[in-house]
Amino acid sequence: MEGKTITFSLNLTDTHALPEEDQSVLQIWGRSSLQGHVQISGAKNSALALMAGALLCPDDCRLRNVPSLVDVHRLALILAALGVKVERHGDILDINARDIGQSQAPYELVSQLRASFFVIGPLLARLGVARIPLPGGCAIGARPVDLHVRGLQAMGADVQIDRGMVNAYIPGSNRRLKGANIYLDYPSVGATETLMMAATLADGETTIENAAQEPEVVDLANLCRAMGARIRGAGTNTIAIDGVNSLHSTDYSVIPDRIESGTFLVAGAITRSEIILSSVVPDHITAAIAKLRAIGAKIIVEAPDCLRIQGANAHVPTDIETLPYPGFPTDLQAPFMSLLCLCEGNSIITETVFENRLRHVAELNRMGADIRVKGNNAVIRGVPFLSGAPVMATDLRAGAALVLAGLAAEGKTTLQGLRYIDRGYESLELKLQKLGAKIKRVPAEGETEADAPLVAQTDKVG
């Protein structure tokens, strides 16, 4: 909605506006060259954590560069259910948690969003009590909350899980968490962010060792610091937080989405095209850039926040192992698999983060890919071409991978399961249309083989 400002207050009656109820499909006609410029949106995973972080402040907080996504809308509804005032003006979210009154988030919303569990830390810190249903989200594998729970218990909280509900409270008269030394068995982003938020208002110093180092953790720490928190070491494996009595209002901008950046870089490579990406932080996608260069794509740093990709006529294979940051991100595993399907030779992808994150293999094989899975390894034998086919997204990043495969395939691909894509990519098909992709969203019942491709007006590369 460029050029217009949309203002609305969120409440529990807004569920009709959730795009997840849209039963449409994407039609993609492949083999089109892409060209032009794409603006990268704010980071989904960062925006969700920052929205939870705003609960720590009893005053107005303004978040800028917030993407318009199903997950963002879901979390806004959860905050509204807790008594928080949330207003959206374009890409700005104004959040006021002064009158936060309920400590229980509604199950029907929390069950759809993994990031909803973030609110337990701020709720405990502000109210001394929280009741949160165990969270949901994409079915990509077990993501237990035991690290969050043990960390909160180390800070003095009494935490019990009973029939799918996490009940937490702070015993004692002052209802304040206490600083503690916490070691995470695994550098979980969610646990690191939850405990860091809880510690900002704790009594004393908290140290989180083996902390996650992702840029989204740093972004949350920077927001908390902008509100007056005392946090050191974010971005390293040891974070120290000196608790303060209260936090104050701030105006803060969400970092660019590194996964969206990587996805569009792969789009340029898989279509052998030239694309310019702006609002990018190259340091956040070092591993992805290295792998693209390894297969033969050319990545040019045009400016500190601008990259140009030039896909090669032929790409060579490479091996990928997903790891916590700064390793190769699991969220880019599926998009890169689509690209490796068309490389000349054999590649191996090893997924070490989530055990169920290879379900897109069957859909890529339906399009003519040659992929064999054994355990957490996928052996990809490059093929000369992919063929369009009806396919189904099984999770958010698998959906993006199938869009990319459709862009490179011969013929028409019809993609179902857009509710996953809408969770994490802002206006994906519109951005691709602007680059020249022949892609459009149509009602599922209106999808026919006779539908003609949509030809979009493209921006020329400068």
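Pro282 touches Ile289, Pro304 and Leu307, leaving out residues up to four places away in sequence; contact means heavy atoms within 4.5 Å. This is a predicted model, in which local features need pLDDT of at least 70, side-chain atom pairs count only at pLDDT 80 or more, and totals for chains, interfaces and linings use all residues. Residues are numbered from 1 along each chain as its sequence is written, and side-chain values use heavy atoms, with hydrogens and water left out. Helices (H or I, at least four residues) and strands (E, at least two) are DSSP runs, numbered from the N terminus.

**Two loop residues**

- Pro282 sits in the loop between β15 and α9 (286-295).
- Pro282 is buried, at a relative accessible area of 16%. Buried means under 20% relative accessible area, exposed means over 50%, and partly exposed is in between (1.4 Å probe, protein chains only).
- From C-alpha to C-alpha, Pro282 and Val301 are 8.1 Å apart in space, while 19 residues separate them in sequence.
- Ser273 lies in the loop between α8 (258-270) and β15 (274-278).
- Ser273 is buried too. Its relative accessible area is 4%.
- The side chains of Ser273 and Thr271 are joined by a polar contact of 2.8 Å. A polar contact is a pair of N or O atoms within 3.5 Å; within protein, one must be able to donate a hydrogen and the other to accept it, and residues adjacent in sequence count only if both atoms are side-chain atoms.
- Setting aside neighbours within four places in sequence, Ser273 is in contact with Ser33, Leu34, Gly268, Ile309, Gln310 and Gly311.

**The four-stranded sheet**

- Strands of a sheet pair through backbone hydrogen bonds, either parallel or antiparallel. Here, two strands pair if DSSP finds at least two bridges between them.
- Four strands form an open sheet in the order β10-β11-β13-β12, and the pairing is mixed.
- β10 (181-183) and β12 (230-232) stand at the edges with a single partner strand each, so one side of each has no neighbour in the sheet.
- On average, neighbouring strands of this sheet are turned by 15° against each other, direction ignored. Axes are lines fitted to C-alpha atoms, for helices over the stretch in contact, and angles run from 0 to 180 degrees between N-to-C directions.
- β12 and β13 (residues 238-242) run antiparallel and are joined by three bridges. Arg230 stands opposite Asp242 in β13.

**Helix α6**

- α6 (residues 189-200) has twelve residues. From its first C-alpha to its last it reaches 17 Å, close to the 16 Å expected at 1.5 Å a residue. The expected span is 1.5 Å times one less than the number of residues.
- Eleven of the twelve residues of α6 are buried. Among them are Leu195, Met196 and Met197.
- At the start of α6, a side-chain oxygen of Ser188 comes to within 3.4 Å of the backbone nitrogen of Gly190.
- α6 lies across β10, β11 (205-209), β12 and β13, and runs at about 20° to β13.

**Helix α7**

- α7 (residues 215-226) also has twelve residues. It reaches 16 Å from first C-alpha to last, close to the expected 16 Å.
- The buried residues in α7 include Pro215, Val217, Leu220 and Cys224.
- Just after α7, Gly228 takes a positive phi of about 110°.

**The three-stranded sheet**

- Another open sheet has three strands in the order β7-β9-β8, with antiparallel pairing.
- Its edge strands are β7 (129-133) and β8 (158-162), and each pairs on one side only.
- Neighbouring strands of this sheet are turned by 15° against each other on average, direction ignored.
- Five bridges link β7 to β9 (residues 165-169) in the antiparallel sense. Ile132 stands opposite Val166 in β9.
- Helix α4 (residues 120-127) lies across β7 and β9, at about 160° to β7.

**Cysteines**

- A disulfide is a covalent bond between the sulfur atoms of two cysteines. The cut-off used here is a pair of cysteine sulfur atoms within 2.5 Å.
- The structure holds zero disulfides.
- Cys61 is in no disulfide: the nearest cysteine sulfur belongs to Cys57, 3.8 Å away. Cys61 is buried, with a relative accessible area of 2%.
- Cys224 is in no disulfide either, and the nearest cysteine sulfur, that of Cys61, is 9.5 Å away. Cys224 counts as buried at 0% relative accessibility.
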